[in-house]
Amino acid sequence: MESINPDLVNISRGLGRGRLYTFFRIVLPLSLPGILSGAVLGFARSLGEFGATVMVAGNIPFKTTTIPLALYSFFNRIDGGEPVKRLVAVSLILSFLALVASEYLLRKQKHAQR
Amino acid sequence: MLNVDIYKNFGHFVLDVQFSAGAGISALLGPSGNGKSLVLNTIAGFIKPEEGYITFGDKVFWDSAQNINMRPEERNVGYILQDSCLFPHLSVRSNLLYGRKKECRYSLVDVVDLLEIGHLLDRNPRRLSGGEKQRVNIGRALLSNPGLLLMDEPVSSLEEESCWKILSFIKKVHKTFAMPILFVSHSREEVEFLADQTASIEQGRIVDIRKKPVRLK
């Protein structure tokens, strides 16, 4: 939101539109790609979260087990080699997709504000 | 009639300006960095002075003695900047209609015809030239039904040919809609072409007011 040209906000108010209208018609649409990009990066960051998840939600199979918790569980099993490899691959793919999506959205925002 | 008597100390710069502008085209003339844009921003309500008053007709925009400070959206003033500042996510048509008031004296067709922008309505502002952007900008301000148009160096970022075209459009807008205009410029030629009254500003103070523009030697 800080990257939005403040003149656009002033122009909107000069055209007789109040703060709230200006926020919903100008500020929010122009910052939407940035907000989505933040959400995607937040999701990607959550893929690596271990401590908070295990403390708050626990490690209940098929209910609260996330990828990092499942990795930890399989890693401590003798037969867990295969699932660990698959989960690592899924984590890498998800992280890469999140990075691409975030970069795409940020570029879109820069383009939209030009 | 616009009456301005404002004082504000910015620390490194003091703005102390008094002038009146009538129903014609008035100009604030002076070099960059002498407070011209600050005066416009103050009239539009984006900067609050410390002392004085700003009135337009029977409206009091700001008055330190009466503790009145009208919000920018209530002042009914069209503001046109040097860089056209069209909303980049809206089409030209949506930009034009953004501030449209029901009681507006002119229709979209009137404004579009006058400014010759009918063929641009469905385009994205990014695909317009500098001159086209500025015409849309003027149209958008007109459709918000302003009582006064403020223009901050409206042609300084344009090439010479577009510059004179836009100045002619500004004259046409004033003549057709009887719209009072206060514009700011550092160019004596532009002022001579447009203004009925010119106030020269230096170091935040009005140093000269002329009813007729200064003739170039």
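**Exercise 1.** Show why α1(A) and α2(A) count as oblique to each other.

Solution. The structure is a predicted model, in which local features need pLDDT of at least 70 and side-chain atom pairs count only at pLDDT 80 or more, while totals for chains, interfaces and linings use all residues. Residues are numbered from 1 along each chain as its sequence is written, and chains are lettered from A and ligands numbered from 1 in the order in which they are written.

Step 1. In chain A, α1 covers residues 6–14 and α2 covers residues 19–46.

Step 2. Take the angle between N-to-C directions, which runs from 0 to 180 degrees, using axes fitted to C-alpha atoms over the stretch in contact. For α1(A) and α2(A) the angle is about 140°, and the axes are 10 Å apart.

Step 3. Apply the classes: under 35 degrees is roughly parallel, over 145 roughly antiparallel, 65 to 115 roughly perpendicular, and the rest oblique. The pair α1(A) and α2(A) is therefore oblique.

Step 4. The crossing of α1(A) and α2(A) is right-handed.

Step 5. List the contact, where C-beta atoms, placed from the backbone, lie within 7 Å. From α1(A) come A:Leu8, A:Val9, A:Ser12 and A:Arg13, and from α2(A) come A:Thr22, A:Ile26 and A:Val27. They divide into 4 nonpolar, 2 polar and 1 charged; nonpolar means Ala, Val, Leu, Ile, Met, Phe, Trp, Tyr, Cys and Pro, charged means Asp, Glu, Lys and Arg, and the others, Gly among them, are polar.

**Exercise 2.** Which residues of α3(B) are buried, and where do they fall around the helix axis?

Solution. Step 1. Buried means 20 or more other C-beta atoms within 10 Å of the residue's own, exposed means 12 or fewer, and partly exposed lies in between. In α3 of chain B (residues 108–115), B:Val111, B:Val112 and B:Leu115 are buried.

Step 1. Seen down the axis of α3(B), the buried residues fall within an arc of 95°, so they line one face of the helix. The arc is taken over the directions from the helix axis to the C-beta atoms.

Step 2. The buried residues of α3(B) pack against α4 (130–143) and α5 (160–177) of chain B.

**Exercise 3.** How does α3(B) pack with α4(B)?

Solution. Step 1. The angle between α3(B) and α4(B) is about 150°, with the axes 10 Å apart. This makes α3(B) roughly antiparallel to α4(B).

Step 1. The crossing of the two is right-handed.

Step 2. B:Leu108, B:Val111, B:Val112 and B:Leu115 of α3(B) meet B:Arg135, B:Ile138, B:Gly139, B:Leu142 and B:Leu143 of α4(B).

**Exercise 4.** Is B:Glu116 buried or exposed?

Solution. Step 1. B:Glu116 is in the loop between α3 and α4 of chain B. Its phi is near 55°, a positive value in a residue other than glycine.

Step 1. B:Glu116 has 12 C-beta neighbours inside 10 Å, so B:Glu116 counts as exposed.

**Exercise 5.** How many residues of chain A are in contact with chain B?

Solution. Step 1. The contact joins 17 residues of chain A to 19 residues of chain B.

Step 1. On the side of chain A that touches chain B, α1(A) gives the most, with 6 residues.

Key. Helices (H or I, at least four residues) and strands (E, at least two) are DSSP runs, numbered from the N terminus. Two residues are in contact if their C-beta atoms, placed from the backbone, lie within 7 Å. A crossing is left-handed if the near helix is turned anticlockwise from the far one by less than a right angle, and right-handed if clockwise.
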